[in-house]
Structures are given as C-alpha cells and as structure tokens.
Amino acid sequence: MNRLVVSALKMETSNGSGNYDLLHTGVGKVNAAIQLTSYLLSHPVSLVINYGTAGSRNIPVGELVKCTKFVQRDMDKTALGFKLGETAYETTVPMIIDYGEGLTCGTGDNFVQDVDKELDIIDVFDMEAYALAKVCYLFNVPFVSYKYISDNADDDSPSDWEKNLADGILKFEEEVLWKY
C-alpha cells in the first residue's frame, strides 16, 4: 500500500520524490476533507502524513514539530452547553482525535491573531489537520502531522506566514520522510 503526503498548497511542498504519493487539498477544513476522502475512496493508503505550516504561541518560528492530537478550534456550540471545540451531537468521533504521543494541533478556518481566545491545550494552529485526522479516523487509516512553525499566532501571523511558508519543506523532507 501507499504512503500519502498531504499538504494544502503546492507552494508548501516540493515536487515530490521518494516512495510516496502527494496530494494538495487546497486551504481549509472543507477542502481538506473533500480531497482526502475522494483520494481514499479510490486509492489504497497505509499511512497519511500531513505536512504544512502552522502558528504557535510557544514554539519558535523555524521549528518542525510532530502533532498527534487534533481539535477543531473554531467549533463553538457553547451556547448549547457544549465545550469549545466539541462538535455538537457527535458521538462517534472524540472531541480530541488522539494518534499518540505528540503535540496538539488546533484547526480552524482563520489565522490566529489572539491566542488568549484559544483553547489552552493547543500547541500549534493550522487550517487543515483536524479535518484530515477526522477523515483518517473514520477510514481507520494511520495519520501523523508535521508542522513547520511559520508565525507566532499574533497580529503579524498573516505576513509572517507569507514570508516563511516555503522554508520548512526541506527540513520536513530531510528530517521526517526518510523515517516512513
């Protein structure tokens, strides 16, 4: 079976080489879920490896980190008595999808510019990993995510992301891909 590297944007990755397939999903949870689901329905996959950029409140820009826990940070049904990040009325998927030892990635469809408004359990902030993790959870496919920290999740995060988004792919290829 195939290993699949999934990334939102072509500009975050190289052309791909080695013994894996490469899928670009587009930005955001909806695009990520649609593209990965479509791929998994027509291709056998033994492992999904997500690579992308992320912001962080504590991890310095330029670090590459492994994420194994995923929460939907912009799901807010607190007015109905649910926890921030908990999908209302969902019983088949846990609030935090946990693939083992590693950092927690909070996924939402916006740049984080004020970490004080975010869940304290989140180490890194992105726009696709939770959706990818959830699809893999439902398809029973092993999943891991590596994030290159591109910004500090503050007022400068959009411009810092643009400046740093292409810097992490070589680090990912050299430090991670050979392990899988």
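Is Glu-90 buried, partly exposed or exposed, and what is its relative accessible area? In this predicted model, Glu-90 is partly exposed, with a relative accessible area of 24%.

**Charged pairs**

Let's start with the partner of Glu-90. Its side chain meets that of Lys-134 in a salt bridge, 2.7 Å from N to O. This pair ties together distant parts of the chain: Lys-134 belongs to helix H2 (residues 129-139), while Glu-90 lies in the loop between E4 and E5, 44 residues apart. Lys-134 is buried, because its relative accessible area of 18% falls under the 20% cut-off.

The model has 5 salt bridges in total, among them these:

| Salt bridge | N to O distance |
|---|---|
| Lys-134 and Glu-90 | 2.7 Å |
| Asp-126 and Lys-147 | 2.9 Å |
| Lys-69 and Asp-98 | 3.8 Å |

The bridge between Lys-69 and Asp-98 also links distant parts of the chain, with Lys-69 in strand E4 (residues 64-72) and Asp-98 in strand E5 (residues 97-98), 29 residues apart. Here Lys-69 counts as buried at 18% relative accessibility, whereas Asp-98 is partly exposed at 48%.

For the bridge between Asp-126 and Lys-147, the distant parts are strand E7, which holds Asp-126, and strand E8 (residues 143-151), which holds Lys-147, 21 residues apart. Both Asp-126 and Lys-147 are buried.

**A negative patch**

Now for the surface: Asp-114, Asp-116, Asp-120, Asp-155 and Asp-156 gather there in a patch of negative charge. One of them, Asp-120, sits in the loop between strand E6 (103-107) and strand E7 (124-126). Asp-120 counts as exposed because its relative accessibility is 72%, over the 50% cut-off.

Methods
Residues numbered from 1 in each chain as written. Predicted model: local features only at pLDDT ≥ 70, side-chain atom pairs only at ≥ 80, totals over all residues. Heavy atoms only, no water. Patch = residues over 30% accessible without salt bridge, like charges linked within 9 Å, V, L, I, M, F, W, Y side chains within 5 Å. Areas by Shrake-Rupley, 256 points an atom, 1.4 Å probe, with all protein chains shown as cover. Salt bridge = Lys/Arg side-chain N within 4 Å of Asp/Glu carboxyl O. Lys, Arg positive; Asp, Glu negative; His and termini not counted. Charge placed at Lys NZ, Arg CZ, Asp CG, Glu CD. Helix = DSSP H or I, 4+ residues; strand = E, 2+ residues; numbered from the N terminus. Buried < 20%, exposed > 50% of the residue type's maximum accessible area, 1.4 Å probe, protein only.
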